[in-house]
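Student: Before we discuss the packing of this protein, could you show me the sequence and the structure?

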Amino acid sequence: MKIILRIVGLCIAIMTWTMVIYAQDSSQTQAQSGDIDFASKATASNNFEIQAANIALTKSQDQNVKQYAQMIVDDHTAAGNELATLVKNKNWQLSTPDNQNYTQLIDQLNNADPANFDRTYVDLMAKSHQDAMPLFKDASSGTATTDAELRKFATDKIPAFQKHLDQLKTMQPAADTTTKDTLKNTSPGAPSPIKSKMPKPMLK
């Protein structure tokens, strides 16, 4: 009888321990709405910039623009893969943002006149990065996220994205200084003159 009681007690102890471990694992992978929102928006923004850069690699006649586009593809592909791995490891299900505005911008880039393509692409990248920076800074500070790994991801990517934005200030595609002047005279958070030329990429 004692042996049976010991076996039953051992089984109960094992089941209890298993439930505790499962509960800990679940709490580690359970995302708050802010985490899902940021990861979803960052994924959509990242995919958009890669798609736009690949178009520039095909259509641009400016070597500086092509080099910039290749940097965007390399950096954002790496960032996208890192975020995708993080999301997969946590078993998160990302939401599907409304990408209608991104689709419109890609169409605008595909349909741009060859003479104005480089300016269109550079203007688009300037606006896209200006919109992405606050998203990543809020995630980095914990204002919009609770997951530590996600905050670290956002923090690690800010310097590279700032570099992308700063590099646009030195680019003058098609002998045009519009983008350079726009970036020089636009403070963070201020409305960009580019907005009047193209719909703002919004993620919901």
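**Aromatic residues and the core**

Tutor: At 1% relative accessibility, Phe117 counts as buried, a value that, like the others here, comes from a predicted model.

Student: Is Tyr121 buried or exposed?

Tutor: The cut-off for a buried residue is a relative accessible area under 20%. Since the relative accessibility of Tyr121 is 0%, this residue counts as buried.

Student: Which kind of aromatic pair do Phe117 and Tyr121 form?

Tutor: The two residues are four apart in helix 5, so about one helical turn separates Phe117 from Tyr121. Planes under 30 degrees apart count as stacked. With 6.5 Å from centre to centre and 0° between the planes, the pair of Phe117 and Tyr121 is stacked.

Student: Which kind of pair do the rings of Phe38 and Phe136 form, and why?

Tutor: Phe38 lies in helix 2 and Phe136 in helix 5, 98 residues apart, so that the pair links distant parts of the chain. Both Phe38 and Phe136 are buried. Because planes over 60 degrees apart count as edge-to-face, the rings of Phe38 and Phe136, with centres 5.1 Å apart and planes at 80°, are edge-to-face.

Terms used. Residues are numbered from 1 along each chain as its sequence is written. This is a predicted model: local features need pLDDT of at least 70, side-chain atom pairs count only at pLDDT 80 or more; totals for chains, interfaces and linings use all residues. Side-chain values use heavy atoms; hydrogens and water are left out. Rings of Phe, Tyr and Trp (its six-membered ring) pair if their centres lie within 6.5 Å; planes under 30 degrees apart count as stacked, over 60 as edge-to-face and the rest as tilted. Buried means under 20% relative accessible area, exposed over 50%, partly exposed in between (1.4 Å probe, protein chains only).
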